[in-house]
Amino acid sequence: MASGSTTVSRRAFMLGAAGVTATAATGSATAQEGTPAEDGTPTGTAGGTPAGTEGGNETGTEAGSPAEGGEGGGGGPPDFGGFLDDVGNFDGSVTDAQGQDQVSVAVGAQGNGGAFAFDPPAVHVDNGATVVWEWTGQGGGHNVVEEGGDTIDSGEPVATEGETYEVTFDTDGIYNYVCEPHVSLGMKGSVVVGTDYPTASGGGGGGGGSDVVQVPNSAKTLGIATTLVAAATLGLTYVFMRYGGDYEMGEQ
């Protein structure tokens, strides 16, 4: 029988192995939690402007597009529900005319393959502001008629240069309108009023939040490290118990 001073019992080995596993797991967790972000802020925090806001309005436009003037506000980028998707002169930007009492929109501007556009095609105004549509005399007869409502209705199409039609808006919302003779060409426009209107979701493209829980990389690393250490410990314990060592330390 081996000497008690050189024989390691199975119980002592298992206690030591458990201690190694716990130490390795604790060390992995500490290393993961203690890693600072490159900019000095805790990893995983977000900075900057919340998604879906109108971004400062220093340029006078919404959603970061070039502006034509006005002071900003509002509840976020408006959601047109795809209404302007086929409008040739609409690039996704909304002219921010908030702070102005009166705004002009050209009827028969260049776009959609000819003088078949409203310019600007989308404009954001304050509640109580007046929008004046002004005919260019180009592209034939045009009119201005609200889609699914009766707030905007200029009547029969006209082609007279200098013709005007105006509406003062006193209710927040989005007002979509068309030129009836040329709607199939994409002659459509929208007026966003006030701050209470449907807004597009944030995040590049209108996607909603996901219900899938994302596992942090630190947790994955910790799990893998702990599993490997535990597996190695169990393997060595099996070998030790199967092929050598005493259950108890004993003096010989």
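The salt-bridge count for this predicted model comes to one. The pair is D86 and K188, whose closest N and O atoms are 2.9 Å apart. Side chains of opposite charge can pair when their charged atoms come close. The two partners sit in distant parts of the chain, 102 residues apart: D86 belongs to the loop between β1 (61-62) and β2 (94-96), and K188 to strand β10 (residues 188-193). Their surroundings can be stated separately. D86 has a relative accessible area of 45%, so this residue is partly exposed. K188 counts as buried because its relative accessibility is 10%, under the 20% limit.

The loop between β1 and β2 also holds P77. With a relative accessibility of 17%, P77 counts as buried. The C-alpha atom of P77 lies 10.0 Å from that of G92, and the two residues are 15 apart along the chain.

Five of its six residues are buried, so β6 is largely enclosed by the rest of the structure. Strands β3 and β6 run parallel and are joined by six bridges. One of the bridge pairs puts Q102 with T130 of β6. With β8, β6 pairs in the antiparallel sense, over five bridges. Here E134 stands opposite T164 in β8.

Is N143 buried or exposed? Its relative accessibility is 0%, so N143 counts as buried. The side chain of N143 has polar partners in the model. It reaches the backbone oxygen of G155 at 3.0 Å, and it makes a polar contact of 2.8 Å with the side chain of E180. Leaving aside neighbours within four places in sequence, N143 is in contact with residues that include F118, W135, S154, E156, P157, V178, C179 and P181, as well as G155 and E180.

The nonpolar residues come next. In soluble globular proteins, nonpolar side chains tend to be buried together. The largest nonpolar core of this model has 23 residues, and the members that touch the most others are F118, V125, W133, F169 and V191. Two or more residues each come from β3 (102-111), β4 (114-119), β5 (122-125), β6, β8 (164-168), β9 (173-178) and β10.

Confidence limits how far the model can be read. The protein has a mean pLDDT of 73, and 56% of its residues reach 70 or more. Over residues 27-74 the pLDDT is below 50, although the model gives this stretch 69 contacts beyond near neighbours in sequence. Residues 202-213 also stay under 50, and for them the model has six contacts beyond four places in sequence. Where pLDDT is low, the predicted coordinates should not be read in detail.

Definitions and conventions. Residues numbered from 1 in each chain as written. Predicted model: local features only at pLDDT ≥ 70, side-chain atom pairs only at ≥ 80, totals over all residues. Heavy atoms only, no water. Salt bridge = Lys/Arg side-chain N within 4 Å of Asp/Glu carboxyl O. Helix = DSSP H or I, 4+ residues; strand = E, 2+ residues; numbered from the N terminus. Buried < 20%, exposed > 50% of the residue type's maximum accessible area, 1.4 Å probe, protein only. Polar contact = N/O pair within 3.5 Å; in protein donor to acceptor, adjacent residues only side chain to side chain. Contact = heavy atoms within 4.5 Å. pLDDT = per-residue confidence, 0-100. Core = buried A, V, L, I, M, F, W, Y, C linked by side-chain atoms within 4.5 Å. Pairing = 2+ DSSP bridges.
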